[in-house]
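The sequence and the model are shown below.

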Amino acid sequence: MIELYILRHGRTPWNAQGRIQGSTNIPLSPEGRQAAIDTGKAWAAAGLHFDGVYSSPLDRAYETACLASSYTGLEVCRDDRLRELCFGVLEGEAVSHINDPQSDPEHGCFFTHPERYQRPEGGESLEEICARAQSFLDELFLKYTHEERILIVAHGAMNKALMRVLKKSPLEDFWAGKLQKNCGVNIVQADGTRCRIIEEGKVFA
């Protein structure tokens with residue numbers, strides 16, 4: 001089994017404003033950048049070794065990956081399959097659009113009943129983001145087979161898609177487990193058929 005550190009990107013201005021980011025390329029805030037630096041410092045102090053670093057291509061994730069793993073000297077490999085769920089016309093809107101079932105039955109159930117969530121105009125479904133997660137992990141498990149430790153830096157929904165694939169859970173359990181804070185990490189041992197969760201939502205910064 002290999003060990004996965006699945007890290008959520010640092011805080012952004014849109015996180016602070018409660019806006020839906022999705023595929024919109026929002027940079028880290030100074031606070032988010034510092035948290036990524038602090039995460040890397042904590043890992044370096046603990047002597048944590050990685051054998052590979054993968055990131056969403058969106059700047060907020062890629063910069064987090066670069067800052068948190070800079071002490072390793074490893075190249076950060078950007079993979080488009082790790083980008084955040086696209087929310088289409090909802091991007092830039094208040095998070096309440098996907099968190100209020102009464103005012104928006106199609107999209108407001110995103111967190112409470114993900115199996116009912118409907119793709120917004122120009123956006124993706126949860127099934128589609130899970131298919132991207134599956135494709136990425138399938139390739140990862142073919143490449144790494146000897147107890148390597150891999151860092152994956154992505155986004156709130158993307159990381160839940162990765163966890164759903166690893167746990168082989170139904171769509172209604174998409175949000176099961178702890179919600180990751182910015183720079184929170186899920187630590188998992190897996191080999192494509194088995195999954196052992198070591199810790200969820202741990203913050204090192």
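## Contacts and basis

Two residues are in contact when heavy atoms lie within 4.5 Å. By this criterion Glu-91 touches Ile-20, Gln-21, Gly-22, Ser-23, Thr-24, Leu-85 and Cys-86, residues up to four places away in sequence not being counted. The C-alpha atoms of Glu-91 and Ser-23 are separated by 7.8 Å, although the two residues are 68 residues apart along the chain. Glu-91 belongs to the loop between E3 and H4; helices (H or I, at least four residues) and strands (E, at least two) are DSSP runs, numbered from the N terminus. Its relative accessibility is 17%, so Glu-91 counts as buried (buried means under 20% relative accessible area, exposed over 50%, partly exposed in between, with a 1.4 Å probe and protein chains only).

The model is predicted: local features need pLDDT of at least 70, side-chain atom pairs count only at pLDDT 80 or more, and totals for chains, interfaces and linings use all residues. Residues are numbered from 1 along each chain as its sequence is written, and side-chain values use heavy atoms, with hydrogens and water left out.

## Helix packing

The axes of helix H4 (residues 126-143) and helix H5 (residues 156-167) come within 8 Å and cross at roughly 60°. Axes are lines fitted to C-alpha atoms, for helices over the stretch in contact, and angles run from 0 to 180 degrees between N-to-C directions. The crossing of H4 and H5 is right-handed, a term for a near helix turned clockwise from the far one by less than a right angle, left-handed being the anticlockwise case. On H4 the contacting residues include Ile-129, Phe-136 and Phe-141, and on H5 they include Met-158, Leu-162 and Val-165. The residues of this contact divide into 12 nonpolar, 1 polar and 2 charged, where Ala, Val, Leu, Ile, Met, Phe, Trp, Tyr, Cys and Pro count as nonpolar, Asp, Glu, Lys and Arg as charged, and the others, Gly among them, as polar.

H2 and helix H3 (residues 59-69) pack with their axes 7 Å apart, at an angle of about 35°. Their crossing is right-handed. H2 contributes Arg-33, Ala-36, Ile-37, Thr-39, Gly-40 and Trp-43, while H3 contributes Glu-63, Thr-64, Leu-67 and Ala-68. This contact comprises 5 nonpolar, 3 polar and 2 charged residues.

## Aromatic pairs and charges over rings

Rings of Phe, Tyr and Trp (its six-membered ring) pair if their centres lie within 6.5 Å; planes under 30 degrees apart count as stacked, over 60 as edge-to-face and the rest as tilted. The count comes to 12 aromatic pairs. The ring centres of Trp-43 and Phe-204 are 5.7 Å apart and their planes stand at 75°, so the pair is edge-to-face. This pair joins helix H2 (residues 30-45) to the segment after strand E6 (195-203), 161 residues apart. Trp-43 is buried at 0% relative accessibility, whereas Phe-204 is partly exposed at 24%.

Lys-202 lies over the face of Phe-204, at 5.0 Å from the ring centre (NZ of Lys or CZ of Arg must be within 6 Å of the ring centre and within 35 degrees of the ring normal). Likewise, the charged end of Arg-78 sits over the ring of Tyr-62, 4.0 Å from its centre.

## Positive phi residues

Glu-147, in the loop between H4 and strand E4 (149-154), has a positive phi of about 65° although it is not a glycine. Its relative accessible area is 67%, so Glu-147 is exposed. Cys-183 also has a positive phi of about 65° without being a glycine, and is buried at 1% relative accessibility.
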